[in-house]
Amino acid sequence: MDYRPHYPLALRMLSTLIDSFLALGGLCIVTLVFTNALLRGAAGFDLAWSLEVTAFLLLWTTFLGAAAAMARGAHMRVTEIVENLVPRTAQRGLALVIDLIILALLCSLIWYGVSIAGHSWAQKTTVLYWPVGLLYASLPVGMSLALVFHVFNLVGDLRRPADWAKTDSDLDAPL
């Protein structure tokens, strides 16, 4: 279910900002890779910096994409086992346990991501001399944003009745 319509204005704006960055980042990645391949084939040279910029954009779009997916409730779930083998009365409790595990995992990724980014900040990339820590900072930033969305989604799920998702508009959307 898409949680964004239930968000306050600040979270909706943050989600829109992330979506805009993802669209722009994806466009830049495609443009850089295409241009570099065209130059290499047609002119016999390449843009040395394009590989580093593409790597940075790819990592940042990956982890910000995880946050965007969290805002949409679009991370993959295999629900057939739970729906068919777990009694309906226990499903809400199991969902809470899973959400708490996700919460712990996100906190762990943020903690270790900050550590990795901090330890590698002094290293510089080969061509552009950007801090390598900036590349690794994509993990804690993306997971922090995912954590914000996940906590809001979790609190919303706990406050709403169990069948609130049945009224959600994306359930009737075509695949």
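This is a predicted model: local features need pLDDT of at least 70, side-chain atom pairs count only at pLDDT 80 or more; totals for chains, interfaces and linings use all residues.
Colleague: Is the crossing of H1 and H6 left-handed or right-handed, and how many residues of their contact are nonpolar?

Modeller: The crossing of these two helices is left-handed. On the H1 side the contact is made by Leu 11, Leu 14, Ser 15 and Ile 18, and on the H6 side by Leu 145, Val 148, Phe 149 and Phe 152. The residues of this contact include one polar and no charged, while the number of nonpolar ones is seven.

Colleague: Is Thr 54 buried or exposed?

Modeller: Thr 54 lies in helix H2 (residues 48-72). Leaving aside residues up to four places away in sequence, Thr 54 touches Ile 29, Leu 32 and Val 33. Its relative accessibility is 12%, and the cut-off is under 20%, so Thr 54 counts as buried.

Colleague: How far apart in space are Thr 54 and Leu 94?

Modeller: In sequence, Thr 54 and Leu 94 are 40 residues apart. From C-alpha to C-alpha, their separation in space is 40 Å.

Colleague: Which residues does Gln 91 touch, not counting those up to four places away in sequence?

Modeller: Gln 91 has its place in helix H4 (residues 88-120). With a relative accessible area of 16%, Gln 91 is buried. Beyond four places in sequence, Gln 91 touches Val 82, Glu 83 and Val 86.

How values were computed
Residues are numbered from 1 along each chain as its sequence is written. Side-chain values use heavy atoms; hydrogens and water are left out. A crossing is left-handed if the near helix is turned anticlockwise from the far one by less than a right angle, and right-handed if clockwise. Helices (H or I, at least four residues) and strands (E, at least two) are DSSP runs, numbered from the N terminus. Contact means heavy atoms within 4.5 Å. Ala, Val, Leu, Ile, Met, Phe, Trp, Tyr, Cys and Pro count as nonpolar, Asp, Glu, Lys and Arg as charged, and the others, Gly among them, as polar. Buried means under 20% relative accessible area, exposed over 50%, partly exposed in between (1.4 Å probe, protein chains only).
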